[in-house]
Amino acid sequence: MAKKAKKQQQAGGTPATVALTAAGVGFTVHAYEHDPAHPSYGEEAAEAMGVSPDRVFKTLVADVDGDLTVAVVPVAGSLDLKALAAAVGGKRAAMADPAAAERTTGYVRGGISPLGQRKRLRTVLDASARGHATICVSAGRRGLEVELAPDDLARLTDAVVAPVGRL
């Protein structure tokens, strides 16, 4: 990590915000008080920010044929595992073990960001993201979201854009 990125991270940034800053991408950080009793991290974020749940995307880690793969889908829906497998040329997908997801990404559950991961994973962004000027994804910590253009997210994560979400 570059010296400037380390300083930004120490100053309260996360690996996700550091990656966005380093890439020169426009983004907005939204912070809110996380309630550990809330049943859904994504719905909590949408409510706290006053943003429609179809613009707030959750980052899920799945195992596709033995390889961890990130799916970024609207919090208003769920992940279609068959569609995810097909999007990356796989046969079978299942949700990853939460401990493996945390260990591999470097983030805790409920705060996994598609950006700035410890180990860069294949990423699939739900095609519905392109219907919005900006979307929100985790900034790498519970209670912290980052808003950015979906094309910027796709470019920075080398994401495949495919219909992998279900409403």
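The elements that cover the buried residues of helix α3 include β1, β7 and β8. In this predicted model, α3 spans residues 41-49, and its buried residues are G42, E44, A45, A46 and M49. Just after the helix, G50 takes a positive phi of about 70°.

**The sheet**

The three strands named above form an open sheet in the order β1-β8-β7, with antiparallel pairing. β1 (28-31) and β7 (135-141) stand at the edges with a single partner strand each, so one side of each has no neighbour in the sheet. From one strand to the next, the twist averages 35°. In general, strands of a sheet pair through backbone hydrogen bonds, in either a parallel or an antiparallel sense.

The two pairings are set out below.

| Strand pair | Sense | Bridges | Source of the pair |
|---|---|---|---|
| β1 and β8 (residues 144-148) | antiparallel | 4 bridges | β1-β8 |
| β7 and β8 | antiparallel | 5 bridges | β7-β8 |

Individual positions can be located within these pairings. H30 stands opposite E145 in β8, while R141 has L144 of β8 as its bridge partner. The hairpin of β7 and β8 has 2 residues between the strands, and G143 takes a positive phi near 90° there. Although β7 is an edge strand, β7 is mostly covered, with 6 of its 7 residues buried.

**The nonpolar cores**

The largest nonpolar core holds 24 residues, of which F57, V61, V72, L125, I135, V137 and L153 touch the most other members. At least two residues of this core come from each of α2 (15-23), β2 (57-64), β3 (67-74), β7, β8 and α6 (150-157). Another core, of 12 residues, lies apart from it and includes V64, A71, L79 and L84. In soluble globular proteins, nonpolar side chains tend to be buried together.

V137 is one of the core residues that touch the most other members. Leaving aside neighbours within four places in sequence, V137 is in contact with F57, V72, P114, E145, V146, L148 and L153. Among these contacts, E145 is also the residue opposite H30.

**The annotated span**

UniProt, in an unreviewed entry, places the feature "domain: YbaK/aminoacyl-tRNA synthetase-associated" at residues 43-156. In the model, the end C-alpha atoms of residues 43-156 lie 25 Å apart. The span is 25% helix and 33% strand.

Terms used:
Residues are numbered from 1 along each chain as its sequence is written. This is a predicted model: local features need pLDDT of at least 70, side-chain atom pairs count only at pLDDT 80 or more; totals for chains, interfaces and linings use all residues. Side-chain values use heavy atoms; hydrogens and water are left out. Two strands pair if DSSP finds at least two bridges between them. Axes are lines fitted to C-alpha atoms, for helices over the stretch in contact, and angles run from 0 to 180 degrees between N-to-C directions. A nonpolar core is a set of buried Ala, Val, Leu, Ile, Met, Phe, Trp, Tyr and Cys residues joined through side-chain atoms within 4.5 Å. Buried means under 20% relative accessible area, exposed over 50%, partly exposed in between (1.4 Å probe, protein chains only). Contact means heavy atoms within 4.5 Å. UniProt positions are given in the numbering used here, feature names are shortened, and annotations may be inferred rather than shown by experiment.
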